[in-house]
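Reader: I should like to learn how to read the features of a structure, one at a time. May we begin with the whole chain and then turn to single elements and residues?

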Amino acid sequence: MSSKIKKIIELKSLVSDLQSSGKKIVHCHGVFDLIHIGHIKHFQEAKSYGDILIVTLTPDKYVNKGPNRPAFSASLRLESLKALEMIDYVAINEWPTAIECINIIKPNIFCKGPDYRNASDDITGNIEKEINAVEQNGGEIKYTDDITFSSSNILNTYTEVYTDDQKKFIKQIMKNLSFEDIKEKLNKLNNLKVMVLGETIIDQYVFCEALGKSGKEPVLVLRELDMDQYAGGAAAIARHLSEFCKKISLLSMLGEKKEFEDFVISNFQDNTNAKFIYKSNAPTIVKKRFVDHISKNKTLGVYSINDSKLNENNLYELHDNLNKMMPKHDMIIISDYGHGFISKETAKNISKESLFTSLNAQINAANIGYHTMNNYKHIDCAIINETEIRHELRDRDSDIKLLMEKLLKTLKAKILIVTRGKEGSLLYNREKDKIFYCPAFASNVVDKIGAGDAMLALTSCALKVGFNEEFSLFIGSLAAAQSVESIGNSQAVSKKLLLKTIKHVMK
């Protein structure tokens, strides 16, 4: 390892010795995805404030600047910084912010660029926390006066960070909206009172080591190492909305023994209330996936489920709660996983209501061949993926736009959205008789589970408050992109990260 490249822990004793000998330590921190003249001038001025300049880097997994970022890996960024003469030491941070680094290094001077002078412009709120950490460690914050350039702007303009479709779409969004306009628009969601209806699913991930073939049978043998679990299904949708909407109410289903109830509720913020129907003679739905701990590839899925219809008492309780809760909300988001919670009768009753209704009726391994969206009529918005719409209409060959028109007429819905994975998403507005397109923005795909739920949540709310079709798809697509970057439903969509992504995408 180069003498300039250090681990964070190595800097602690190194800096202590340097400061003891009278040296003044200057610390800069950032992503530095593409070194440009602005960075060089920033480092030159920073070095002038002291004797030793230390630069720490945001690791790849914590770079929240939009799809396909960072453009250069941490190791390459490290090599670029090492080559600059004015920098004495470089290190890769191990945490999401610089706060831990500051507490370890305890610099005399912590330098930020001129675009960080106004901490109120920082969406994440981390700049203010970093300033506090510097001052608590006896240091001083300084802002350089160098020329302001943007790595994001340079990468967006001159490199292949975005495809031609993405660039064209972003340009169209920017033509009508500034970043401040978008912030204001997203704040409109704050006033929404949203009801979420659907099954709660416990997603369990069992991380295993493959031992090999059984000695006696042609069976793959795995050793269980660890297990994580997350509140999925309709509970995940409620979580995704928690940072965006004023009030979220979840009406869902658990097993008759109420297992996992405390766990599910512990995942919610104060603005989310949950009401559960405890299904007789049934467990809480658990979908267990066995995952190779190295590759993170799934090897097997095992479901604990009773997908029979609700009995008479459960059905009465469900309808009673629907009748009481729906009038108190601005909209209802239905995620029908086809596990016996929402009957044809229930779907028909909901369809009669004037409340803004958004629907996703998912096909999965347990319900394929039996589940359909056709139980719902006259709804405002339906979301489905391409595989599901082809299954719904029993047509694998026709043009997707013809299928969208056909299904929309069958459902008598106003809007139909079809997601197509890496090919993006399409929205058909029946009243305008027009199809709108949004490219996919997911790049770092860790797990696709929950992406549809994230898109359903944010796109539905955007349409409800009157956002145009392209912007509604854009918000939903970015939410889905954020969701696939983590295992299962481990992370709810973050409003701060969403805004930060939009800010960098629009540079």
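Author: The protein chain contains 17 helices and 18 strands, where helices (H or I, at least four residues) and strands (E, at least two) are DSSP runs numbered from the N terminus. With a radius of gyration of 26 Å, close to the 23 Å that the globule rule gives for 507 residues, the protein chain is as compact as a globular protein of that length. The radius is taken over C-alpha atoms, and the globule rule is 2.2 Å times the number of residues to the power 0.38.

Reader: On what basis are such values given?

Author: This is a predicted model, in which local features need pLDDT of at least 70 and side-chain atom pairs count only at pLDDT 80 or more, while totals for chains, interfaces and linings use all residues. Residues are numbered from 1 along each chain as its sequence is written, and side-chain values use heavy atoms, with hydrogens and water left out.

Reader: What box do the C-alpha atoms of the protein chain fill, and what percentage of its residues is buried?

Author: Taken along the principal axes, the box is roughly 80 × 60 × 45 Å. Burial is read from relative accessible area: buried means under 20%, exposed over 50%, and partly exposed in between (1.4 Å probe, protein chains only). Buried residues account for 52% of the 507 residues.

Reader: How should contacts be read along the sequence?

Author: A contact means heavy atoms within 4.5 Å. Of the contacts in the protein chain between residues at least 6 apart in sequence, 74% join residues at least 24 apart.

Reader: How many positive and negative side chains does the protein chain have?

Author: For this count, Lys and Arg are positive and Asp and Glu negative, with His and the chain ends not counted. The place of a charge is NZ of Lys, CZ of Arg, CG of Asp or CD of Glu. The protein chain has 68 positive and 64 negative side chains, and the centres of the two sets lie 2 Å apart.

Reader: How does one read the length and setting of a helix?

Author: The expected span is 1.5 Å times one less than the number of residues. Helix α15 (residues 451-464) has 14 residues and should span 20 Å, which agrees with the 20 Å between its end C-alpha atoms. Because 12 of its 14 residues are buried, α15 is largely enclosed by the rest of the structure. Among those buried are Asp453, Met455, Cys461 and Leu463. Glycine 466, which follows α15, has a positive phi near 95 degrees.

Reader: How does helix α2 compare with its expected span?

Author: Helix α2 (residues 37-48) has 12 residues and reaches 17 Å from first C-alpha to last, close to the expected 16 Å. Its buried residues include His39, His42, Phe43 and Ala46.

Reader: Is cysteine 381 buried or exposed, and which residues does it touch?

Author: Cysteine 381 lies in strand β15 (residues 381-385) and is buried, with a relative accessible area of 0%. Not counting residues up to four places away in sequence, cysteine 381 touches Thr357, Ser358, Leu359, Ile415, Ile417 and Leu463. Leu463 is also one of the buried residues of α15.

Reader: Where is isoleucine 182 found, and what does it touch?

Author: Isoleucine 182 is in helix α8 (residues 179-187) and counts as buried, at 0% relative accessibility. Its contacts, with residues up to four places away in sequence not counted, are Ile173, Leu177, Phe471, Ile502 and Met506. The C-alpha atoms of isoleucine 182 and isoleucine 475 are separated by 9.9 Å, although these residues stand 293 apart along the chain.

Reader: Which residues other than glycine have a positive phi?

Author: Asparagine 281 is one of them, with phi near 55 degrees. Asparagine 281 is in the loop between β10 (272-279) and β11 (285-292), and at 62% relative accessibility it counts as exposed. Arginine 394, also not a glycine, has a positive phi of about 50 degrees. Arginine 394 lies in the loop between α13 (386-392) and α14 (400-411) and counts as exposed, at 59% relative accessibility.
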